[in-house]
Amino acid sequence: MNNDKKAFVLDTSVLVFDEDAIHAFPNSNVYIPITVLEEIDGLKKRMDPAGNAARYVNRFLDNLRKKGTL
């Protein structure tokens, strides 16, 4: 089976710079390393744009987990 999808590995800076960045890779395989998930988790307590983005990304991923395995 040929998988013609592009692969992207996202880092913390991409996800907190623009919370909508997680939606910027349609029809692609998106990978988020565990280290990035841990950093996002630590940022969500902040009361600034980075904290807002971290909370958004966290909620988005939690909703995806409800649909199946990530």
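## Serine 28 in strand β2

Strand β2 spans residues 28-31 and includes serine 28. In this predicted model, serine 28 has a relative accessible area of 18% and is therefore classed as buried, the cut-off for that class being under 20%. Leaving aside residues up to four places away in sequence, serine 28 is in contact with Lys5, Lys6 and Phe8.

## The nonpolar core

The largest nonpolar core comprises 12 residues: Leu10, Leu15, Val16, Ile22, Val36, Ile40, Leu43, Ala50, Ala53, Ala54, Val57 and Leu61. Two or more of its residues come from each of α1 (12-17), α2 (34-43) and α3 (49-67). Helix α3 makes the greatest contribution to this core, supplying five residues. In soluble globular proteins, nonpolar side chains tend to be buried together.

Isoleucine 22 is one of the core residues. Beyond residues up to four places away in sequence, isoleucine 22 touches Leu15, Ile32, Tyr56, Val57, Phe60 and Leu61.

## The largest pocket

The largest pocket holds about 210 Å³ of space. Its lining consists of Ile22, Val30, Ile32, Leu37, Phe60, Leu61, Leu64, Arg65 and Leu70. By residue class, this lining contains eight nonpolar residues, no polar residues and one charged residue. Helix α3 gives the most to the lining, with four residues.

Ile22 and Leu61 belong both to the largest nonpolar core and to the lining of the largest pocket. Isoleucine 22 also touches Ile32, Phe60 and Leu61, each of which lines the largest pocket.

Note on methods:
Residues are numbered from 1 along each chain as its sequence is written. This is a predicted model: local features need pLDDT of at least 70, side-chain atom pairs count only at pLDDT 80 or more; totals for chains, interfaces and linings use all residues. Side-chain values use heavy atoms; hydrogens and water are left out. A nonpolar core is a set of buried Ala, Val, Leu, Ile, Met, Phe, Trp, Tyr and Cys residues joined through side-chain atoms within 4.5 Å. Buried means under 20% relative accessible area, exposed over 50%, partly exposed in between (1.4 Å probe, protein chains only). Contact means heavy atoms within 4.5 Å. On a 1 Å grid over the protein atoms alone, a cavity is a set of points where a 1.4 Å probe fits but cannot get out, and a pocket is an open set with protein on both sides within 12 Å along at least five of seven lines; lining residues have an atom within 4 Å of a point. Grid points are joined across faces, edges and corners, and a volume is the space filled by probe spheres set on the points. Ala, Val, Leu, Ile, Met, Phe, Trp, Tyr, Cys and Pro count as nonpolar, Asp, Glu, Lys and Arg as charged, and the others, Gly among them, as polar.
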